[in-house]
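Hi there,

Here is the structure I promised to pass on to you. Have a look at it first, and then read my notes below.

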Amino acid sequence: MRLMKMGGRPAGNLPPEMTSLVGRRGELARIRRLCREFRMVTLTGAAGVGKTRLALRAAARMRPAYADGAWYIPLSALDQGALLPYTIAEALPLADRTTRPMMEVLGEYLADRHLLLVLDTCEHLIDDCARTARALLVAAPRLTILATSRRPLDVPDEQALIIEPLPVPDARGEGPQEAVKLLAERAAAVVPGFEVTDGNRHQLVRICRHLEGLPLAIELAAARLPQAGRRRAVRAARRPLRAAGRRRRRSAGSRPALAPGAAHRDRVEPPAVRSGERLLWARASVFAGSFDDRAVIEVCADRLLPADAIPGLLAGLVDKSILIWAPPRAAASATGCWTRSASTAPAGCAPSASRTSCAAATATTTWRWPARATPPGSAPTRSPGTTAPPPSTRTCASPSTSACPPPGDHGALELAAALWFFWYPCGFLREGQHYLERALELDTEASAVRSRALWVCALTLIVQGDADAGMAWATECAGVAEELGDAPAALAAQAMVMAAATIRGDLPLALALADSLVAVHRPEQGLDLPTMLARLGQCHVHTAQGRIEDAIRALEELCAECDEHGERWMRAYADLFRAQAELALGRYEPAQRYARASLELKHRLHDSIGIALALDVLACAAAASGQGEPAARLLGLAQQVWDTIGRAQIGIHEWVEARTRCERQARAAIGDQAYGTAFRTGYDTGLDTGIVQAIDSGTAHR
């Protein structure tokens with residue numbers, strides 16, 4: 001199976017280059033030669049020598065040689081080796097929702113693919129990266145891995161290439177000029193019109209020699225050169241290089257490992273950082289990647305840092321190159337986002353776990369997304385299955401599950417359960433399952449928090465198609481809820497049992513549980529997930545039993561509630577189920593209209609299951625109306641998504657049968673050969689392009 005092409009270019013996710021690469025022609029040639037001869041190449045060298053930048057340039061040049069593209073896996077924000085397979089899967093167009101081990105899924109996915117993986121910044125996870133690389137290279141014979149690390153990974157047949165600093169001129173300014181050119185280019189980016197002259201050449205040469213040609217140090221000095229004297233710029237630029245070498249510790253294994261913070265962020269302490277800026281700098285260290293203004297205020301604001309003071313303090317940190325501001329177009333937030341530059345916060349003053357948990361709990365209310373919004377953690381320009389969880393989500397969750405909590409401390413469970421909207425709608429069920437099961441293992445005390453985590457864990461498994469495991473967690477949740485008298489948790493557990501029964505094909509039980517949930521719901525209680533799932537369950541059973549009017553009535557009630565509260569995620573599922581009901585009545589045009597409405601929202605929300613199901617319904621409507629060629633193309637497009645999910649149609653019998661019937665009708669309409677051609681066309685179409693075409697009201701009739 002081949003990866004999809006992106007706009008006619010080889011697939012991949014390499015970030016665009018924002019600045020020029022100075023020099024390095026010889027290194028680039030050697031990297032390309034080594035990657036042709038060996039399957040594991042590691043760029044090693046000191047901090048700040050430019051390993052990442054060089055790897056990305058080399059990967060961009062080599063990408064056309066790999067039929068399935070070049071894929072960049074940044075690891076600097078990852079501090080748990082157990083999550084490495086998930087991180088790789090998220091970078092690829094892979095969002096597996098089965099319950100198999102992720103390494104097994106990755107190995108199977110890469111087995112027949114010819115692609116390049118760039119594992120960037122491996123030194124703080126050296127043993128995990130080595131173990132993962134060995135396993136993937138065995139499973140995928142056409143895979144090449146290009147890694148960056150301060151030391152080799154010790155993988156069999158690994159070829160390590162030491163990256164040296166840029167060559168510098170001698171004291172008279174003669175000899176190689178790459179370092180001086182880099183300094184001049186970066187200074188010109190800060191002060192337009194800056195150039196090397198006879199008056200400043202000697203000073204620039206001395207700076208490059210003092211910094212020993214290290215590109216990161218030169219770039220930091222260039223940023224300060226127009227405002228500071230040479231000595232001050234040199235001191236500020238050299239500080240991270242001294243600090244990075246001091247902060248080391250021993251790992252549990254046999255090899256030395258850097259402390260997580262030191263492994264991927266060098267310490268820079270610019271002068272004149274005010275006390276308020278320093279406190280915000282320290283507290284914002286909880287964010288491992290990008291973050292927006294609202295997140296900073298929710299997590300960092302208190303009596304010492306008033307919310308109205310934070311925007312000005314953020315601006316001050318940007319001025320000092322501690323934070324970098326990204327414009328709204330590149331961020332998930334309408335107000336732009338912030339990322340750390342090559343710096344780490346001063347020690348102490350990090351946000352408390354309770355404040356972080358409170359922010360996560362507050363975020364759970366945002367699952368009622370308006371029509372034009374994207375869910376928390378999503379980026380509107382990415383394809384389904386490729387949106388990675390924000391590094392801060394992992395940063396918040398990881399420490400909480402790293403050790404047994406003291407009695408009465410349920411922070412890990414609370415945080416993992418509060419993020420249910422992220423694990424389910426945004427498509428990261430396996431990672432959510434990992435955190436939930438780890439937290440449940442460590443915190444066994446009966447509590448309302450545990451009962452909530454139990455039903456959320458059941459949800460992650462059921463939607464992956466593992467009805468038996470989900471049923472087990474739901475049953476335990478029901479027991480804890482009964483012991484504590486926790487009515488909301490009891491209803492949630494009942495909803496999970498209903499969903500598991502649906503997957504098992506026990507429709508009478510599913511309907512009885514769904515009817516019971518709807519009967520106890522009161523409008524004044526507002527929207528709640530168990531009731532909405534129950535209405536969808538009613539619709540599914542009624543449709544399967546041929547009681548279409550009852551199904552439509554249940555959906556109309558659900559749509560009215562969603563519209564009243566401005567909810568769109570479940571509303572899109574209601575449109576999808578309505579399309580299935582219309583299809584059962586033989587009303588193909590309304591079925592297509594509802595399916596397209598659902599597809600548009602699901603595409604925006606990156607809900608892979610919703611996307612695949614909507615494409616299936618569109619294909620079924622086309623095939624049933626005699627449109628064999630469009631139906632085959634839509635089936636091929638849908639198959640792209642199902643291949644990234646795992647268990648097609650989640651294993652629900654009625655949905656599997658509908659797709660089988662659709663394929664049979666399409667083949668009968670146009671013949672096996674034409675069907676195969678159209679199916680391959682859909683499968684090879686860029687996913688975003690194909691979805692936009694499917695949303696077009698005329699797609700199914702072309």
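Asp-157 counts as exposed because its relative accessibility is 64%; here exposed means over 50% relative accessible area, buried means under 20%, and partly exposed is in between, using a 1.4 Å probe and protein chains only. Asp-157 lies in the loop between strands E4 and E5 (159-162). Its phi is positive, about 65°, although Asp-157 is not a glycine. As for the names, helices (H or I, at least four residues) and strands (E, at least two) are DSSP runs, numbered from the N terminus.

Before you go further, please keep in mind that this is a predicted model, in which local features need pLDDT of at least 70 and side-chain atom pairs count only at pLDDT 80 or more, while totals for chains, interfaces and linings use all residues. Residues are numbered from 1 along each chain as its sequence is written, and side-chain values use heavy atoms, leaving out hydrogens and water.

Arg-24 also has a positive phi without being a glycine, in this case near 70°. You will find Arg-24 in the segment before helix H1 (25-37). Is Arg-24 buried or exposed? Arg-24 has a relative accessible area of 7%, so it is buried.

Now for the whole protein. It has 31 helices and ten strands, and buried residues account for 56% of its 702 residues. If you take contacts (heavy atoms within 4.5 Å) between residues at least 6 apart in sequence, 72% of them join residues at least 24 apart.

Next, the inside. In soluble globular proteins, nonpolar side chains tend to be buried together. A nonpolar core here is a set of buried Ala, Val, Leu, Ile, Met, Phe, Trp, Tyr and Cys residues joined through side-chain atoms within 4.5 Å. The largest one has 145 residues, and Ile-88, Leu-117 and Met-496 are among those with the most contacts inside it. Helix H27 (residues 608-624) gives this core its largest share, 13 residues. Another core, of 40 residues, lies apart from it and includes Leu-14 and Cys-208.

Beyond its neighbours within four places in sequence, Leu-117 is in contact with several residues, including Trp-71, Leu-136 and Leu-143.

How many of its six residues are buried? Six of the six are, and both faces are covered: Leu-143, Ile-145 and Ala-147 are buried on one side, and Thr-144, Leu-146 and Thr-148 on the other. Two strands pair if DSSP finds at least two bridges between them. E4 pairs in the parallel sense with strand E1 (residues 40-44) over four bridges, where Thr-42 has Ala-147 as its bridge partner. E4 also pairs in the parallel sense with strand E3 (residues 115-120), over five bridges, and there Val-118 stands opposite Leu-146.

E3, helix H5 (residues 126-139) and E4 form a right-handed β-α-β unit; right-handed means that, with the strands pointing away from you, the path from the first strand over the helix to the second runs clockwise. The loop between E3 and H5 holds His-124, which counts as buried because its relative accessibility is 11%. A polar atom of the His-124 side chain lies 2.7 Å from the backbone oxygen of Leu-78.

Enjoy exploring, and write back with any questions!

Key. A polar contact is a pair of N or O atoms within 3.5 Å; within protein, one must be able to donate a hydrogen and the other to accept it, and residues adjacent in sequence count only if both atoms are side-chain atoms.
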